[in-house]
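Here is a briefing on one protein chain, arranged by topic. Please keep the sequence and the model side by side as you read.

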Amino acid sequence: MSDRPEMFEGTDRIWMDGEFVDFEDAQTHVLTHALHYGTGVFEGVRCYDTEQGPAIFRWEEHLDRLYKSAKPYDLDIEFSKDELTEATTELIETEGFESCYIRPIVYYGFDSLGVSPKDCPTKTTIAAWPWGAYLGEEALEEGVDVMVSSWRKHASSQIPTNIKTTGLYVNSMLAGEEARRNGYTEAIVLNKEGNVAEGPGENIFMVRDGEIYTPGLAESILEGITRNTAITLAEEMGYTVHEEATISRGELYTADELFFTGTAAEVTPIRSVDDNEIGEGTKGPVTDELQSAFFDVIESGDREEWFHYV
């Protein structure tokens, strides 16, 4: 099982509601509405040390999703996108990071503890810290062993699946911890119909007969930004990509290749599912080519539309 990167011990400062505060002072009340009801939205974003200097990858798309995620919860973000961008850039500069992981989060704070958050203030925080490969550095080359979780992904008719909400990650935590308790690195989650949805923190892709398939939005997935990046790169490389696919559980076992994508996971091969070896049990040629293309973009930073330079 791959070793995951250890969490950081702390940074100097965190941005909270328009001010930079010391790390140890970045606190919220124990009766915060979001703590009790999961009423927060967030993003995970990477800043890379490119050949052109530190640059935030697809920052505008992440910001757009953050604001869209806030809408169903009536979270009124009082800061503009420009203000959040300025705060994030200053945070990275003052912390001296060349590369880092960025966590903007917006949530209902403390006022009342009824289920309705109508009198609770909206709080906005941005933190950044060094973070390596989410599933372990060796996973990028060797791939990961995964299991299909017994936990199902909730349906969009129950809770919106196209937004990134704090409370919904209980579903991800249960699936991921089930996998790790059973000796696997990560899980795959099926939707309520029993079709493949995604990983706990990743989208999933399948390669079959030289073509690429990934579950569509109707399969209760989060529309991942790295997913979109992988689709774009694959199509530019000449691959046929079926981005609205329905994938059955059985198709996982007979796939030529499988891989995860995500801001944290980047492009990570899957070498086995439920102890069934995928392909040759190594990183497949399509995954390797796409992964190389992804990291070429990351290292060069030469696609200006995808980078916000610090």
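The largest nonpolar core has 25 residues. A nonpolar core is a set of buried Ala, Val, Leu, Ile, Met, Phe, Trp, Tyr and Cys residues joined through side-chain atoms within 4.5 Å. Buried means under 20% relative accessible area, exposed means over 50%, and partly exposed lies in between (1.4 Å probe, protein chains only). This is a predicted model: local features need pLDDT of at least 70, side-chain atom pairs count only at pLDDT 80 or more, and totals for chains, interfaces and linings use all residues. Residues are numbered from 1 along each chain as its sequence is written, and side-chain values use heavy atoms, leaving out hydrogens and water.

**Nonpolar cores**

- Ile56, Leu66, Leu84, Ile92, Cys100, Ile102 and Ile126 have the most contacts inside the largest core.
- Strand 4 (45-50), helix 2, helix 3 (81-95), strand 6 (100-108) and strand 7 (122-129) each give two or more residues to this core. Helices (H or I, at least four residues) and strands (E, at least two) are DSSP runs, numbered from the N terminus.
- Helix 2 supplies the largest share of this core, 5 residues.
- Cys100 touches Val45, Arg46, Cys47, Ile92, Ala128, Trp129 and Pro130, not counting residues up to four places away in sequence. Contact means heavy atoms within 4.5 Å.
- A second, separate core has 23 residues, including Ile231, Leu290, Val297 and Phe307.

- Helix 2 (residues 59-70) has 12 residues and reaches 17 Å from its first C-alpha to its last. That is close to the 16 Å expected at 1.5 Å a residue; the expected span is 1.5 Å times one less than the number of residues.
- Its buried residues are Trp59, His62, Leu63, Arg65, Leu66, Tyr67, Ser69 and Ala70.
- An α-helix has 3.6 residues a turn, so residues three or four places apart point the same way.
- Gly176 lies in helix 5 (residues 169-181). Gly176 counts as buried because its relative accessibility is 0%.
- Leaving aside neighbours within four places in sequence, Gly176 is in contact with Glu186, Ala187 and Pro200.
- Gly176 and Gly238 are 62 residues apart along the chain, and their C-alpha atoms are separated by 34 Å.

**Aromatic rings and charges**

- The structure holds 12 aromatic pairs. Rings of Phe, Tyr and Trp (its six-membered ring) pair if their centres lie within 6.5 Å; planes under 30 degrees apart count as stacked, over 60 as edge-to-face and the rest as tilted.
- Tyr48 and Phe57 are edge-to-face, because their ring centres are 6.3 Å apart and their planes stand at 80°. Both residues are buried.
- Phe307 and Tyr309 are stacked, because their ring centres are 6.1 Å apart and their planes stand at 25°. Phe307 is buried at 5% relative accessible area, whereas Tyr309 is partly exposed at 28%.
- Ring pairs link Tyr48, Phe57, Phe294, Phe295, Trp306, Phe307 and Tyr309 into a cluster.
- The charged end of Lys81 sits over the ring of Tyr67, 5.4 Å from its centre. A charge sits over a ring if NZ of Lys or CZ of Arg is within 6 Å of the ring centre and within 35 degrees of the ring normal.
- The charged end of Arg208 sits over the ring of Tyr213, 4.6 Å from its centre.

- Thr214 lies in strand 12 (residues 211-215) and is buried at 0% relative accessibility.
- The side chain of Thr214 reaches the backbone oxygen of Ile204 at 2.7 Å.
- Asp274 is in the loop between strand 15 (266-273) and strand 16 (276-277).
- The side chains of Asp274 and Tyr253 are joined by a polar contact of 2.5 Å. A polar contact is a pair of N or O atoms within 3.5 Å; within protein, one must be able to donate a hydrogen and the other to accept it, and residues adjacent in sequence count only if both atoms are side-chain atoms.

**Positive phi**

- Most residues other than glycine have a negative phi.
- Asp17 has a positive phi near 50°. Asp17 is in the loop between strand 1 (13-16) and strand 2, and is partly exposed at 27% relative accessibility.
- Ser220 has a positive phi of about 70°. Ser220 is in the loop between strand 12 and helix 6 (225-236), and is buried at 5% relative accessibility.
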